[in-house]
Amino acid sequence: MSKNYPGPSRIHLSAFPPKERWDDWTELDSQAWPRRKERHYSLVPTTCFNCESACGLLAYIDKDTNQIQKFEGNPENPGSRGRNCAKGPATLNQITDPDRILYPLKRSGKRGAGNWERVSWDEVLDDLASRIRKAIVEDRRDEIMYHVGRPGEDGFTERILAAWGVDGHNSHTNICSSGAREGYQLWMGLDRPSPDHANAKVILLISAHLESGHYFNPHAQRVMDGKASGAKLIVFDTRLSNTATHADVFIAPYPGSEAAILLSIANYLIQNNLYNREFVRRWWNWEEYLEQRSEIRDQRSEPRNEVSTGSCSDRVGFEDFESALKKLYAEYTFNFAAKESGVEAKTIEEIAKIVATAGTRFSSHNWRSVTSGVSHGWTAARALFMLNALLGAVATEGGVFPNAWNKFVPKPIHTPPHPKMWNEKTWPREFPLSMHEMSFLLPHLLKEGRGRLDTYFTRVYNPVWTNPDGFSWIEALTDENLIGCHVALTPVWSETAYFADYILPMGLGPERHDIHSYETHDAQWLGFRQPVMRAARQRHGDDVNDTREVNPGEVWEENEFWMELTWRIDRDGSLGIRQFVESKKNPGTRLGVDEYYGWIFENSVPGLPEKAAEEKLTPLEFMRRYGSFEINKKVGAIYEESVPHEELDDIREDHFRRIFTRAAKPASSNVVPVPSPDGDEDGRRLVGVRVDGEIKRGFPTPSGKLEFFSQTLADWGWPECAIPTYIASHVHPENLETDQTILISTFRLPIQIHTRSANAKWLNEIAHTNPLWLHTSHAANLGVRTGDLVRVETEIGYFVVRAWVTEGIKPGIVACSHHMGRWKVHEDGQKQLMATVRLDHDGDKWGLKRERGAGAYESTDKDTLRIWWNDVGVHQNLTFPVHPDPISGMHCWHQAVRVRKADPTDTYGDIHVDTAKSHEVYKKWLAETRPADKYSPNGERRPYWMLRPLKPAREFYKLP
């Protein structure tokens, strides 16, 4: 079927090649001008792997040279719609990077010494399989750990670990987004928002979502679509970001005060009766709140059998709640918010009045920023979503959806059972409510004797550089008594890979398979990342059975690697592991990626087989040709759906009108993770909630409703936090010394992404340094000008950096981007963006000294001789101790620092850290927690209903 992609004029020119010509697309070679030279391309889709958005790409493969010439956007991708940021086209730099790792390497000598020898994949696989099998047989499953950054896929490796029976998944989430996730999950059960920016009337963003927010390219497009349709954009950001320049109203609040502002807006809506009263009555768990208040607690303790129809007594109860709500939030005045934030009260009032006009078309988003910056930052996400909940702008056009309703994770060919164990090294009992693993505490937990690791995988993750307290990570990684074998799965050199036993070259985005589905708008779609050279050869009839046949060197892809490793762990099937990577078509042989994805596309993606048949393609051929498929549009308000009769068997209704049934949960091909609220004591499952006489699907929360009052927080030791509230943070002015200020270290540039883009020359030329932002008034007080060296002192050390004096930051606050400061101690590394440094170590005292920066060098890429920059920034994260929030588990990134002129002996990039002090800070924050063994209401480690990767079987939730 022919499809044209019209350009902006909507006439004459097309924005993309028509898809029926993707097998043979012709363009003129611009470099041949004035000669007319045609290039003939095969266009093969994949997805970008340079951030979490997974935007669609088309690889232009020259049919004469069989080389990838460029990457452009894929118009068939429903999330990115053919548009990409700079990181998408720069994928070309990564696959041609002259410094990339092409062969498996094994260390020879001490860890970190920089001595490597090339080994075969068979040698690696046999060694690792032997180690892992031995640990499993000896019941040391807790010594196997897989530590991942951005996974880029929906559950593949989690299922591998489940097949091994290992609770060994570890992630980066608690240095990224746990704070926001906590706030959202406590409200709606699901931990991420899916805002419908394009259809909003008012958009409120906390931080720089237009250039660097979560799913920022797909969301940025839709924010601008909304603005083009007349939406008002409100932005909170301490810096004058690019997003702030597009705002109708921009404020720069004191970091950590955002919840106070948001609750003052909520108070305005409440006191002036500008909230959606019917939505609040129907969908807030206000009855639970009223019941827990001792002065109005009623005596309804027995189950009800009668049917409620929203009687007069219910309405009187709701009026009681409305009165209580006005009293609860009366203290959150505009003047109070102004005092906390430094933003004028009249400006906050102006924002409140704009928000009040939105009705159900209020789109909001927070992901990192304050929720990742300060202690109890999760309260800001909870306060922000309260505005949506007051307006009824939940799963509405122009509102905010729970993310899982806009995701589709297809059921795989094999589904292993839940692991029969609990790993205390990732889920310590001090953090029963944490959103994901306490990954950044690992060195401290190991140092305290809480166990060891036999085999430790790091994948798309660089904890030495990315995490706080990197020198503590180096101490752990170099201690073979703590970590027996460290395997770095990486396409590029990294600060963490230097301390590995094996470095295994994994494919970049166009060299690997993954499927993914993200909440970019009100729809459900599936993206397919694939090795483009493999797909191109298969399109032309070649038989490719292993991606190493088409990748450079011996670069592999993780799907095939994990399946082969799993097969070798249990060759004879005696451990019950092999079955989960065994072919269904050819029993007794290992599953391959074509069968794996072919089965999924044929059996688990509604509508795809029919769509493929229209073009005389198999579902796998369709996805290889187009790279994505949209399953549903306009998903809508699932909570309002009536529960069908066949799901209502021997139901029981409690006094909060929750409905429990004996009917089994219907099978679904969408296995997107959702919470698991407990059933009743007789084994029925929670199926819905009765609202005005009808049994509705509701929300995946314990109450079945939006939880203004969190019984979970109340039961697990935090009753003072059970309703949306504001808590002064660790960097509140009252908690700082007079000579301290706040360092914002969480902002990022739209060009770079953590450590994944250091091998992209185009991106490195655009952005390669991270000076310290200082307001002009602050700089004047310090006697500092742009380019001067300043020393930034933290709790455990200091770093030396150059100043950048600007009006674009709140006075008195300083900021430094977290992308930069890459380093190497040997010649191996990403020379475009890594400084060569010396590490000094004396007991607990560590130092990093810059010996030389980047510079021109000779390689297979002639452009490396044109590198003109020397400065690659400063690694500030080394000087940050761990700050685990006691509820969400989020590392609180904002630092209380002292900034002064550098000493005469200081040089650019100097870093000094005391890891003994770091451990003391860890213990101080740990003392603020409320551990499960003291506060658990039921003897379990964690509320079972809350989301958790690789969720163990229920019996292993029990505390010993």
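**Notebook: sheets, helices, cavities**

I began with strand 23, which is joined to strand 24 (residues 658-661) by 2 bridges, the two running antiparallel. Strands here are DSSP E runs of at least two residues, helices are H or I runs of at least four, and both are numbered from the N terminus. Two strands pair if DSSP finds at least two bridges between them. This is a predicted model, where local features need pLDDT of at least 70, side-chain atom pairs count only at pLDDT 80 or more, and totals for chains, interfaces and linings use all residues. Residues are numbered from 1 along each chain as its sequence is written, and side-chain values use heavy atoms, with hydrogens and water left out.

**Entry: the sheet with strand 23**

In this pair I found Arg 652 opposite Phe 660 of strand 24. The open sheet has 4 strands, ordered 23-24-25-26, with antiparallel pairing. Its edges are strand 23 (652-653) and strand 26 (694-696), each pairing on one side only.

I then looked up an open sheet of 7 strands in the order 8-7-19-18-17-9-10, whose pairing is mixed. Axes are lines fitted to C-alpha atoms, for helices over the stretch in contact, and angles run from 0 to 180 degrees between N-to-C directions.

Strand 9 (residues 144-148) pairs with strand 10 in the parallel sense over 3 bridges. Val 148 stands opposite Ser 171 in strand 10. Helix 3 (residues 156-164) packs on the sheet and touches strand 9, strand 10 and strand 17; contact means heavy atoms within 4.5 Å. The direction of helix 3 makes about 175° with that of strand 9.

**Entry: helix 20 and helix 22**

I checked the axes of helix 20 (residues 593-603) and helix 22 (residues 619-626): they come within 8 Å and cross at roughly 100°. That makes helix 20 roughly perpendicular to helix 22, a term for angles of 65 to 115 degrees, while under 35 counts as roughly parallel, over 145 as roughly antiparallel and the rest as oblique. From helix 20, Asp 594, Tyr 597, Gly 598, Phe 601 and Glu 602 meet Pro 619, Leu 620, Met 623 and Arg 624 of helix 22. The contact residues divide into 5 nonpolar, 1 polar and 3 charged. Nonpolar covers Ala, Val, Leu, Ile, Met, Phe, Trp, Tyr, Cys and Pro; charged covers Asp, Glu, Lys and Arg; the others, Gly among them, are polar.

**Entry: cavities**

I looked up 13 cavities of 30 Å³ or more. A cavity is a set of points on a 1 Å grid over the protein atoms alone where a 1.4 Å probe fits but cannot get out, and lining residues have an atom within 4 Å of a point. Points are joined across faces, edges and corners, and a volume is the space filled by probe spheres set on them.

The largest cavity holds about 560 Å³ of space. It is lined by 41 residues, of which Val 460, Thr 466, His 754, Thr 755 and Arg 756 are the closest to its centre. The lining divides into 15 nonpolar, 20 polar and 6 charged residues.

**Entry: backbone**

I noted a cis peptide bond from Trp 33 to Pro 34, with omega near 10°. Pro 34 lies in the loop between strand 3 (25-28) and strand 4 (38-47).

How values were computed:
On a 1 Å grid over the protein atoms alone, a cavity is a set of points where a 1.4 Å probe fits but cannot get out, and a pocket is an open set with protein on both sides within 12 Å along at least five of seven lines; lining residues have an atom within 4 Å of a point.
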